[in-house]
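Please open the structure in your viewer and keep the sequence panel beside it. The stops below state what to select and what is to be found there.

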Amino acid sequence: MKDLITKAEAARMLGVTPTRIQALIKKGKLTTRRDARGKEQIERKSLEERLAAFRNEKHDSNISLNMLLNAVRTFHHLNHFVVGTGNRNDLLLRLALLIQEIGELSETVTKSSKGANHGFTDADWTAMQNEWGDVLYLMIGWAVEMGWDADTIAEIFQRTHQKNLSRAPRHTALARTSPEPPTTE
């Protein structure tokens, strides 16, 4: 087995673009070396390590954060949205959209009928999922606006997660030994 592979091969193996491969090289997450002809190649061992880390980051859904970012970037492109400015006015608009969607999610939860699906009817459960999806889509759009990639989002998440793990819980109402059973009427 050869110990060097091309950037194109690496992109195919990781399921990312060649631009993403360059970013991984620049961040030191992939190691390169020049081959006998002087062409920069990726060391197979560093790619295999990155691939293992990438697989560990994926969840059972098989949807990666990169896939979500690319889908929302495509939506922005198709609708001719200007992204990457990160300016205050654009973020205020995104914040207003987010507040609207949080309101719709809140309304779905607070005004839903009681049912057997976690205390919701099937229709309200689906409506709640749809509103939650809208909030998620807007948050991914925020990341696109800021030019954040999956690694940046992972760093933000890890920083927030470590902060939350290091302090006492502030939302003690959520602390119970077991979930309350759903109520039906």
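Of the 185 residues of the chain, 26% count as buried, where buried means under 20% relative accessible area, exposed means over 50%, and partly exposed lies in between (1.4 Å probe, protein chains only). The model is a predicted one, in which local features need pLDDT of at least 70 and side-chain atom pairs count only at pLDDT 80 or more, while totals for chains, interfaces and linings use all residues. Residues are numbered from 1 along each chain as its sequence is written, and side-chain values use heavy atoms, with hydrogens and water left out.

**The whole chain**

Display the chain as a cartoon. It has seven helices and three strands; helices (H or I, at least four residues) and strands (E, at least two) are DSSP runs, numbered from the N terminus. Along the sequence, the pattern is β-α-α-β-β-α-α-α-α-α. Contacts, meaning heavy atoms within 4.5 Å, can also be sorted by sequence separation. Among those in the chain with a separation of 6 or more, 61% are between residues 24 or more positions apart.

**Helix H2**

Select residues 18–26, which form helix H2. Which residues of H2 are buried? They are Arg20, Ile21, Leu24 and Ile25. These four cover an arc of only 145° around the axis, which puts them on the same side of H2; the arc is that of the directions from the helix axis to the C-beta atoms. An α-helix has 3.6 residues a turn, so residues three or four places apart point the same way. Now turn to the face of H2 directed away from the buried side: the exposed residues Thr19 and Lys26 are there. After H2, select Gly28, whose phi is positive, near 80°.

**The largest nonpolar core**

Next, select Ile5, Ala10, Ala11, Ile21, Leu24, Ile25, Leu30, Ile42 and Leu47. These nine residues make up the largest nonpolar core, a nonpolar core being a set of buried Ala, Val, Leu, Ile, Met, Phe, Trp, Tyr and Cys residues joined through side-chain atoms within 4.5 Å. Helix H1 (7–14) and H2 are the elements that give two or more residues to this core. Which element gives the most? It is H2, with three residues. In soluble globular proteins, nonpolar side chains tend to be buried together.

Apart from neighbours within four places in sequence, Leu30 is in contact with Ile21, Leu24, Ile25, Ile42, Ser46, Leu47 and Arg50.

Move to Asp149, in the loop between helix H6 (122–146) and helix H7 (150–165). Is Asp149 buried or exposed? With a relative accessible area of 17%, Asp149 is buried. Not counting residues up to four places away in sequence, Asp149 touches Arg20, Lys27, Leu69 and Arg73.

The side chains of Lys27 and Asp149 meet in a salt bridge (3.1 Å, N to O). The pair links distant parts of the chain, with Lys27 in the loop between H2 and S2 and Asp149 122 residues apart from it. A salt bridge is a side-chain nitrogen of Lys or Arg within 4 Å of a carboxyl oxygen of Asp or Glu. Side chains of opposite charge can pair when their charged atoms come close.

**Further salt bridges**

How many salt bridges are there by this rule? The count comes to eight. For another example, select Asp3 and Arg33, whose side chains meet in a salt bridge (2.7 Å, N to O). Asp3 lies in the segment before strand S1 (4–5) and Arg33 in strand S2 (residues 32–34), so the pair ties together parts that are 30 residues apart in sequence. Asp3 is partly exposed at 45%, and Arg33 is partly exposed at 37%.

Then select Arg37 and Asp35, which are joined by a salt bridge of 3.4 Å, N to O. Here Arg37 is exposed at 71% relative accessibility, whereas Asp35 is buried at 17%. Salt bridges that share partners also join Lys27, Lys29, Asp149 and Asp151 into one network.

**Helix H4**

Finally, select residues 65–78. This is helix H4, with 14 residues, which reaches 20 Å from its first C-alpha to its last, close to the 20 Å expected; the expected span is 1.5 Å times one less than the number of residues. The buried residues of H4 are Asn66, Leu69, Val72 and His76. Their arc around the axis is only 135°, which puts them on the same side of H4. H4 is followed by His80, whose phi is positive, near 60°.
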